[in-house]
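Please keep the sequence and the model in view.

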Amino acid sequence: MRKYLIIGTGGVGGCIAGFLALAGKQVSCIARGKHLAAIQQNGLHLKSDLKGEHFLPIEACTSEEYNGKADVIFVCVKGYSIDSIKDLLKRASKPETLVIPILNVYGTGLRIGQSVPGIKVLDGCIYIVGFVSGEGEISQMGTIFRLVYGARPEQGIDNRQLEEIADELRSCGIKADVSDDINRDTFIKWAFISAMACTGAFFDVPMGAVQQPGEIRDLFIGLSQESAEIGRKSGVSFPKDPVTYNLKVIDKLAPASTASMQKDLARGHESEIQGLLFDMIDLGERLNVDMPTYRKVEKKFIQYRKN
């Protein structure tokens, strides 16, 4: 049986861990603080629109305490934390281990791979509304749980291995797709979550407000149009109109849902605004893309820019 390790048991990592454990897979989680203590004492409390409510006994520990080897490692930390997991990846990996980063920020697979030479680090992204709703408690909202991952062409990884993992994930109720162009697919996700998070944070509203015609939805459309142009100038070949696609996805989200960046900003916590707002603007600037909508959002949040 494959051994799965989830690094970062927040909304995304907790949902992956919960669905795997519910299907009887061997999974371990990395967490910390009171969240970890609650998981160790009571199990992972999964509250899922897709799977119902469960308390799941899952092996959980800190990154320093983990001493096993995993076959598949899902990296589900925030983009600003990836430098802190290098040692754990080195300790937890075997020659055949596959590392699948599931982050909102573009280009993290390559960045992580460069920091841990010799380890097979793929790229991936996820479509889900999941969040920590209490100590040891993860909530999954809505009907979307889609995980996309793949190898970059130069990695030469056997696609059959990737499909075997996808089959296992599907058996757990996760819609898993092995990408034939992971650079394209991770850009599409980055562009979507950037527009979603920036719109929600700018107006301080849940996604139900973005689903209604008017000023809020227009901002989301403007951001989507500008990121689509950035993608085209970056060489991304979109299989569908990216603006139509973004609207289709946003309209499927639970109306009460919000992006984690928006939640973190509201709580005064460190957030992914650098990767989701300012990195997009910087790339657009390098490509000479006109970005009036992104500039409007930048003006409101300029104090958070790190460079």
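α6 and α11 cross in a left-handed sense (left-handed if the near helix is turned anticlockwise from the far one by less than a right angle, right-handed if clockwise). This is a predicted model, in which local features need pLDDT of at least 70, side-chain atom pairs count only at pLDDT 80 or more, and totals for chains, interfaces and linings use all residues. Residues are numbered from 1 along each chain as its sequence is written, and side-chain values use heavy atoms, with hydrogens and water left out.

**Helix α6 against α11**

- The axes of α6 and α11 lie 9 Å apart, at an angle of about 120°. Axes are lines fitted to C-alpha atoms, for helices over the stretch in contact, and angles run from 0 to 180 degrees between N-to-C directions.
- α6 and α11 are therefore oblique to each other (under 35 degrees is roughly parallel, over 145 roughly antiparallel, 65 to 115 roughly perpendicular, the rest oblique).
- Helices (H or I, at least four residues) and strands (E, at least two) are DSSP runs, numbered from the N terminus.
- From α6, Phe187, Trp190, Ala191, Ile193, Ser194, Ala197 and Cys198 meet Gly275, Leu276, Leu277, Asp279, Met280 and Leu283 of α11. Contact means heavy atoms within 4.5 Å.
- That contact holds ten nonpolar, two polar and one charged residue. Ala, Val, Leu, Ile, Met, Phe, Trp, Tyr, Cys and Pro count as nonpolar, Asp, Glu, Lys and Arg as charged, and the others, Gly among them, as polar.

**Helix α11 against α12**

- α11 (residues 273-286) and α12 (residues 292-301) have axes that come within 11 Å and cross at roughly 135°. That makes α11 oblique to α12.
- The crossing of α11 and α12 is left-handed.
- Ile273, Leu276, Leu277, Phe278, Met280, Ile281 and Glu285 of α11 touch Tyr294, Arg295, Val297, Glu298 and Phe301 of α12.
- By class, the contact of α11 with α12 has nine nonpolar, no polar and three charged residues.

**Second largest pocket**

- The second largest pocket has about 550 Å³ of space. On a 1 Å grid over the protein atoms alone, a pocket is an open set of points with protein on both sides within 12 Å along at least five of seven lines; a cavity is a set where a 1.4 Å probe fits but cannot get out; lining residues have an atom within 4 Å of a point.
- Its lining has 23 residues, with Tyr127, Arg146, Lys240, Tyr245 and Val249 closest to the centre.
- β9 (123-134), β10 (137-150), α6 (182-203) and α9 (242-252) each give at least two lining residues. α9 gives the most, six.
- The pocket lining splits into twelve nonpolar, three polar and eight charged residues.

**Cavities**

- Two cavities reach 30 Å³ or more. Grid points are joined across faces, edges and corners, and a volume is the space filled by probe spheres set on the points.
- The largest cavity holds about 60 Å³. It has 13 lining residues, and Leu103, Val105, Thr108, Gly124 and Thr186 lie nearest its centre.
- α4 (108-115), β9 and α6 each give two or more residues to the lining of the largest cavity. Five of its lining residues are nonpolar, six polar and two charged.
- The second largest cavity holds about 40 Å³. Ile188, Ala191, Ser224, Ser227, Ala228, Phe238, Pro242 and Asn246 line the second largest cavity.
- α8 supplies the largest share of that lining, three residues. The lining has five nonpolar, three polar and no charged residues.
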